[in-house]
Amino acid sequence: MAIISRGFSGRRSAADVKLPPGQYLTTDFPVLSAGPTPHISLDRWEFTIDDGSNVLKRWDWKSFRELPTETITVDIHCVTRWSKLGTSWEGVSLDVLLGDLKTDLPYAMFRSYGDYTTNLPLKDVINKQAWVAFKYNGADLEPEHGGPARLLVPHLYLWKSAKWVKGMTLMPHDKPGFWENLGYHIYGDPWKEQRYSNE
Amino acid sequence: MEGTAVLERVTWRVAKVVAVHDETATARTLALTVRDWPGQIAGQHVDVRLTAPDGYSAVRSYSIASAPNSDGRIEITVERLPNGEVSPYLTKELLVGDDLELRGPIGGWFVWRRDQTEPVQLVAGGSGIVPLMAMIRSRASAGSFAPFRLLYSVREPGAVFYRDELQALSDQNNSVIVTYAYTRATPKDSPRPPGRIDAALIATGTWPSNVAPTSYVCGPTSFVERATDLLIAAGQDRERIRTERFGATGERK
Amino acid sequence: MSASMNYLDGNAAAGELSKVFVVDITSAEGQCANCGAKKRFAEAHLYMQCPGLIARCPLCGHVLLRCSNIRGRVFLDLRGMTYLSVEAAPQEASN
């Protein structure tokens with residue numbers, strides 16, 4: 001049992017705003033990473049959608065940046081308990097990327113440069129719920145925050161918003177990604193506080 | 001009494017702060033007594049845990065600065081980081097008489113044991129001096145004649161920890177040879193302009209490679225990588241260099 | 001300072017891993033399952049600024065070990081090492 005440290009409160013700040021359970025408000029933007037920051041040159045960058053056997057769609061940086069974009073303002077919630085409100089991003093919606101693709105594969109594994117993966121139900125990345133974002137606060141997304149482009153899925157914990165995203169593999173069954181098979185929740189809804197796999 | 005190499009399962013213990021003193025304007029040494037302390041080997045560290053009334057807790061690692069003894073008393077030196085969450089509390093809020101939770105001693109590789117007789121090269125970057133000072137103090141209290149050299153890189157003279165003690169140890173017989181490298185501002189009579197350690201300083205300030213020392217390099221990650229590369233370039237055996245990296249900001253989580 | 005020097009080393013993981021390993025992990029020898037390098041665990045590159053602890057091979061960057069602590073339950077993935085070798089804890093003689 002821990003003793004209480006007299007006079008210690010930590011870095012958190014109180015907030016009147018409604019946050020998901022167990023979260024605290026932060027005004028900085030912590031950088032969490034499981035490895036070295038990849039540095040991907042734009043002439044090598046690509047985003048692909050595949051079904052495990054065939055590449056269904058592919059964009060290089062030039063063709064990706066020709067797609068219609070949106071600017072969105074969202075709140076983000078990290079499983080390590082910090083939340084940051086009103087963050088501004090520009091990106092391409094997954095609705096645009098998926099386009100007229102027809103599939104009966106209901107899940108996707110998103111893959112990143114480096115070796116990070118995270119799984120999502122397809123229904124959670126369509127209908128204006130997910131973007132491949134390349135600008136933060138009006139400026140090019142910095143490598144330490146996932147640049148050149150990261151996935152952004154604000155309705156789930158931020159570990160689902162894979163930094164340095166490079167593609168998605170459609171799958172018939174849900175399979176855990178990098179954190180999901182190390183004790184973290186397979187879905188990760190912050191409003192239901194689904195942090196861990198034994199919730 | 002030196003701790004054993006094989007670790008008992010480490011559990012959180014309550015330590016009491018018995019004394020504090022400031023090493024520099026931003027660094028403070030805390031002296032702690034720990035009941036049933038198993039003893040430590042120079043180079044080991046403790047994890048310190050702070051808990052807020054609502055249960056929120058933060059854990060940080062701090063190297064033990066003091067030599068092994070049989071008093072159940074250890075010292076840690078904490079550098080206050082500008083954006084730190086724990087170090088401002090430890091260096092400004094914590095009072096003599098307060099309790100502190102800690103776990104340890106931890107680490108079996110980055111250690112100097114008193115039965116080591118070979119020459120030793122210590123290379124410190126900033127607060128990386130702390131575990132190396134424990135090795136220097138351990139050598140002194142054991143009366144060891146193992147040849148020790150220290151290359152200590154700091155920003156400016158006011159940032160040096162344990163200055164008087166290092167001065168005394170370098171003046172006496174069986175000395176520790178100390179070379180300072182100032183990176184931003186030097187003392188008035190310094191023979192060398194400010195700058196990071198480089199091949200020239202390694203050549204004059206460390207054991208030559210034919211001495212084949214065991215080297216211990218400690219400090220921020222980028223310092224450790226740079227210093228290690230320089231030692232290897234000067235002919236030191238990679239296998240005989242032990243390293244301990246503090247965070248880029250100097251704070252280990 | 002290079003922004004990519006955001007790692008520590010195996011020494012920083014020793015406290016957390018003491019929940020799983022009875023013996024000191026920092027002097028353990030391990031072989032990277034990717035490149036075959038044999039190193040002391042103290043030399044691994046440790047990434048701890050994430051919801052867990054990730055140790056990577058200092059030569060090839062491959063993940064050697066992953067560890068998370070979920071409400072006091074430790075999850076450990078050692079697939080990145082061909083082996084991990086430690087000096088066994090002395091066993092007490094029983095009467």
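Tutor: β8(A) pairs with strand β9 (residues 139-140) of chain A in the antiparallel sense, over 2 bridges. Two strands pair if DSSP finds at least two bridges between them; strands are DSSP runs of E of at least two residues, helices are runs of H or I of at least four, and both are numbered from the N terminus. The model is a predicted one, in which local features need pLDDT of at least 70 and side-chain atom pairs count only at pLDDT 80 or more, while totals for chains, interfaces and linings use all residues. Residues are numbered from 1 along each chain as its sequence is written, and chains are lettered from A and ligands numbered from 1 in the order in which they are written.

Strand β5 (residues 82-93) of chain A runs antiparallel to β8(A) and is joined to it by 5 bridges; here A:Gly91 is bridged to A:Ala133 of β8(A). Strand β10 (residues 150-152) of chain A is also antiparallel to β8(A), with 3 bridges, and A:Val132 has A:Leu151 in β10(A) as its bridge partner.

Of the 6 residues of strand β8 (residues 131-136) of chain A, 5 are buried, so the strand is largely enclosed by the rest of the structure. A residue is buried if 20 or more other C-beta atoms lie within 10 Å of its own, exposed if 12 or fewer do, and partly exposed in between, with C-beta atoms placed from the backbone. In chain A, buried residues make up 36% of the 199 residues.

A residue in a loop can be set beside this strand. A:Phe29 lies in the loop between β1 (24-25) and β2 (46-50) of chain A and is partly exposed, with 14 other C-beta atoms within 10 Å. Leaving aside residues up to four places away in sequence, A:Phe29 touches A:Lys84 and A:His145; two residues are in contact if their C-beta atoms, placed from the backbone, lie within 7 Å.

As to the whole chain, chain A has 2 helices and 11 strands, in the order β-β-β-α-β-β-α-β-β-β-β-β-β from the N terminus. Its radius of gyration is 17 Å, close to the 16 Å that the globule rule gives for 199 residues, so chain A is as compact as a globular protein of that length. The radius is taken over C-alpha atoms, and the rule is 2.2 Å times the number of residues to the power 0.38. Among contacts in chain A between residues at least 6 apart in sequence, 62% join residues at least 24 apart.

Chain A also touches chain B, in a contact that takes 11 residues from chain A and 15 residues from chain B. On the side of chain B, β3 (45-51), β4 (57-63), α1 (87-93) and β6 (99-106) each supply at least two residues, and the largest share, 3 residues, comes from β3(B).
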